[in-house]
Amino acid sequence: MFGYEGAGLVIVRMTIIFAVALIVVRAMGNRAVGQLSPFDFVLMVGIGDIVANVAMDKSETVLLGAEGLVGLLLLQKVLSYLALKNTTLRKWFEGVPVTLIENGKILPQNFVKHQFNYDDLRQELHKTGMDMTNIKDIKVARLESCGAFSLILMAEAEPLTRRDFEKYLQDIYDNPLSPIGKQAAKIEQLMKDVNIVAEHLRKQQDLVMKAPEAEKTQST
């Protein structure tokens, strides 16, 4: 059960088959890997296959399976390090995003190249609450390397947030040349005038209230 004969060839065989599997998955396009990068997809499939073979096939030894898993771990560490240090390798291992729409225009050559049809696009747009009629409002729409669909709207098509609205109003009020700015300036000046008048009336009222008391003091 724990035989180790010929175990040294496992890492070599595993590396070769891993490379072939990665090439095949990359050739299948971004949509084939779901929410994983091609590298992660092949890695997960490799781990699952090793575990299944060791568990189900009595001819496979435990130590050979363990060596295969350790080999995958080492391969993952090495390739991750290389991808971190080299942009070209990172793009090849992880894949690159595919631009489907740019500045409101569909790029049909990318649809054909990556087997992504207009029905797929319509479905992805529906998930975001949009439709094909909203394409002109899209600045960039991409099929990410993990197979996810992402988009960025034109600035004028972005939904208005509370912060944007408050900033807009503040800019208007701060601009004395705008109609609302002029009205705001008048209202602000009116409030100042009202406060001045109210303060003056308060002082007059205080003087009126103090006058009878002063007369009583003088009469006594």
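Y118 is partly exposed, at a relative accessible area of 40%; here buried means under 20% relative accessible area, exposed over 50% and partly exposed in between, with a 1.4 Å probe and protein chains only. The structure is a predicted model, in which local features need pLDDT of at least 70 and side-chain atom pairs count only at pLDDT 80 or more, while totals for chains, interfaces and linings use all residues. Residues are numbered from 1 along each chain as its sequence is written, and side-chain values use heavy atoms, with hydrogens and water left out.

Y118 belongs to a cluster with F111 and F116, linked by ring pairs. Rings of Phe, Tyr and Trp (its six-membered ring) pair if their centres lie within 6.5 Å; planes under 30 degrees apart count as stacked, over 60 as edge-to-face and the rest as tilted. The count by this rule is two aromatic pairs. In the pair of F111 and Y118 the ring centres are 5.1 Å apart and the planes stand at 65°, so the pair is edge-to-face. F111 counts as buried, at 5% relative accessibility.

The chain comes to eight helices and four strands. Helices (H or I, at least four residues) and strands (E, at least two) are DSSP runs, numbered from the N terminus. From the N terminus on, the order of the elements is α-α-α-α-β-β-α-α-β-β-α-α. Of the 220 residues in the chain, 25% are buried. Among contacts (heavy atoms within 4.5 Å) with a separation of 6 or more, 55% are between residues 24 or more positions apart.

The strands form an open sheet of four in the order β2-β1-β3-β4, with antiparallel pairing. Its edge strands are β2 and β4, each of which pairs on one side only. Helix α6 packs on this sheet and touches β1, β2, β3 and β4, and its direction makes about 65° with that of β4. Such axes are lines fitted to C-alpha atoms, for helices over the stretch in contact, and angles run from 0 to 180 degrees between N-to-C directions.

Two strands are taken as paired if DSSP finds at least two bridges between them. Strand β1 (residues 98-102) and strand β3 (residues 138-143) run antiparallel and are joined by four bridges; V98 stands opposite L143 in β3. Five bridges join β3 to strand β4 (residues 149-153), again in antiparallel fashion. Within this pairing, A141 has L151 in β4 as its bridge partner, and I138 stands opposite L153 in β4. The hairpin of β3 and β4 has five residues between the strands, and G147 in this hairpin takes a positive phi near 95°.

Helix α6 (residues 118-127) has D120, L121, E124 and L125 as its buried residues. These cover an arc of only 135° around the axis, which puts them on the same side of α6; the arc is that of the directions from the helix axis to the C-beta atoms. In general, an α-helix has 3.6 residues a turn, so residues three or four places apart point the same way. The elements covering the buried residues of α6 include β1, β2 (105-106), α5 (108-113), β3 and β4. E124, located in helix α6, is buried, with a relative accessible area of 17%. When residues up to four places away in sequence are not counted, E124 touches F116 and F149.

Just after α6, G129 takes a positive phi of about 80°.

E199 is found in helix α8 (residues 179-219). This residue is partly exposed, at a relative accessible area of 37%. The side chain of E199 makes a polar contact with the side chain of R202, at 2.4 Å. A polar contact is a pair of N or O atoms within 3.5 Å; within protein, one must be able to donate a hydrogen and the other to accept it, and residues adjacent in sequence count only if both atoms are side-chain atoms.
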